[in-house]
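User: I would like to go through the labels used for this structure and see what each one rests on. Please set the values against the cut-offs.

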Amino acid sequence: MKFIPTIMLCSLMVPTLAQAAVINKTNPYVMMEQVAEQTFSTLKAQQSTIQRNPQQLRAIVKQELLPYINARYAAYKVLGPQLKKTTKAQRDAFVTAFTEYLVSSYAQVLTQYTDQKIKVEGVKPIPTGRSIVSVRVDILDNKRPAIRLDFKLRKNNKTQQWQGFDMVAEGISLISTKQSEWSGLLRTEGVDAVTQRLKVLANKPIVIEKKR
C-alpha cells in the first residue's frame, strides 16, 4: 500500500505529449495511447540530462503534461463546497498554486522512471451525451506485478476535446485523496492559507532518490 501513492502520481505522467506530435484529442482512448507512447519515448531519450539536472523534469511536465490536464477543473473538485465561498481572485490564485504543485509532484515521481511499459485499454464506443470516461491503463514492470489504473477524462462540450482530471489506483482516487487531506485546512484556515502552503510545496527541489 505504501507503493500505491507513488504509482498513482507516476502514472499521471501518461496524459502527456511532445509538442511536435499530433494527438487525437477527440477520442479519449486514442489520445491516451498516443500520449503514453510519446511520453515514455521522451523520458527515455532525456534520461542522461535528467540524471544530471532533475529540475529539467519540471520543464518536461509543463510542456508535455499540462496541455492535456484540466487543472482548473481538478482544482475546483478539490475545493469542493468551499468553492462557493471564494472570490474569482482567490480561485485563480488557488488554481495557479495547485497547478504548480501538480508540476512539482509529477516531476518528482518521474524521477522513478526506468523502463516501465504501458498498455492502454482499446478503443470503445462512447455513449451519446457522456462527458466523463474512464480509460484503463496497465503499468507493466518486470520487477513487480502489473498495476491497474483508471484515468478519468472529461469532454469539453465547446471544443469537443478530452482532458484528464483524475486517476484511480487500487480504488484510490487522487482527487478524493486531496479533498480529504485539505478539506479541514480549507474550512479552518481558508483558501488563501492553503494556497500559500501549496506554493511552498511546489517550490521544493526535485531530487533523484537512490534506489535500494
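User: Which residues are in contact with Lys152, leaving aside its neighbours within four places in sequence?

Analyst: In this predicted model, Lys152 is in contact with Val133, Ser134, Gln163, Gly164, Phe165, Asp166 and Val168, its neighbours within four places in sequence being left aside. Contact here means heavy atoms within 4.5 Å. Lys152 itself lies in strand S3. The C-alpha atoms of Lys152 and Ser134 are separated by 4.5 Å, although these residues are 18 apart along the chain.

User: Why is Lys152 called partly exposed?

Analyst: Its relative accessibility is 29%. Buried requires under 20% and exposed over 50%, so Lys152 counts as partly exposed.

User: What makes S2 and S3 paired strands?

Analyst: A pair needs at least two bridges, and 9 bridges join strand S2 (residues 132-141) to strand S3 (residues 144-155). The two strands run antiparallel. Asp141 stands opposite Arg144 in S3.

User: Why are S1 and S5 said to stand at the edges?

Analyst: The open sheet has 5 strands in the order S1-S2-S3-S4-S5, with antiparallel pairing. Strand S1 (117-120) and strand S5 (172-173) each have a single partner strand, so one side of each lacks a neighbour in the sheet.

User: How many aromatic pairs does a search of the whole structure find, and why is the one between Tyr73 and Phe165 called edge-to-face?

Analyst: The search finds 5 aromatic pairs. For Tyr73 and Phe165 the centres are 5.0 Å apart and the planes are at 85°. Tyr73 lies in helix H5 (residues 71-79) and Phe165 in strand S4 (residues 162-169), so the pair ties together parts 92 residues apart in sequence.

User: Are Tyr73 and Phe165 buried or partly exposed?

Analyst: Tyr73, at 21% relative accessibility, counts as partly exposed. Phe165, at 11%, counts as buried. The cut-off for buried is under 20%.

User: What makes Phe98 and Trp182 an edge-to-face pair?

Analyst: Their ring centres are 6.2 Å apart, with 90° between the planes, against limits of within 6.5 Å and over 60 degrees. Phe98 lies in helix H6 (residues 88-110) and Trp182 in helix H7 (residues 174-188), so parts 84 residues apart in sequence are tied together. Phe98 is buried at 2% relative accessible area, and Trp182 counts as buried at 8%. Phe98 and Trp182 belong to one aromatic cluster with Phe94 and Tyr101.

Notes: Residues are numbered from 1 along each chain as its sequence is written. This is a predicted model: local features need pLDDT of at least 70, side-chain atom pairs count only at pLDDT 80 or more; totals for chains, interfaces and linings use all residues. Side-chain values use heavy atoms; hydrogens and water are left out. Rings of Phe, Tyr and Trp (its six-membered ring) pair if their centres lie within 6.5 Å; planes under 30 degrees apart count as stacked, over 60 as edge-to-face and the rest as tilted. Helices (H or I, at least four residues) and strands (E, at least two) are DSSP runs, numbered from the N terminus. Buried means under 20% relative accessible area, exposed over 50%, partly exposed in between (1.4 Å probe, protein chains only).
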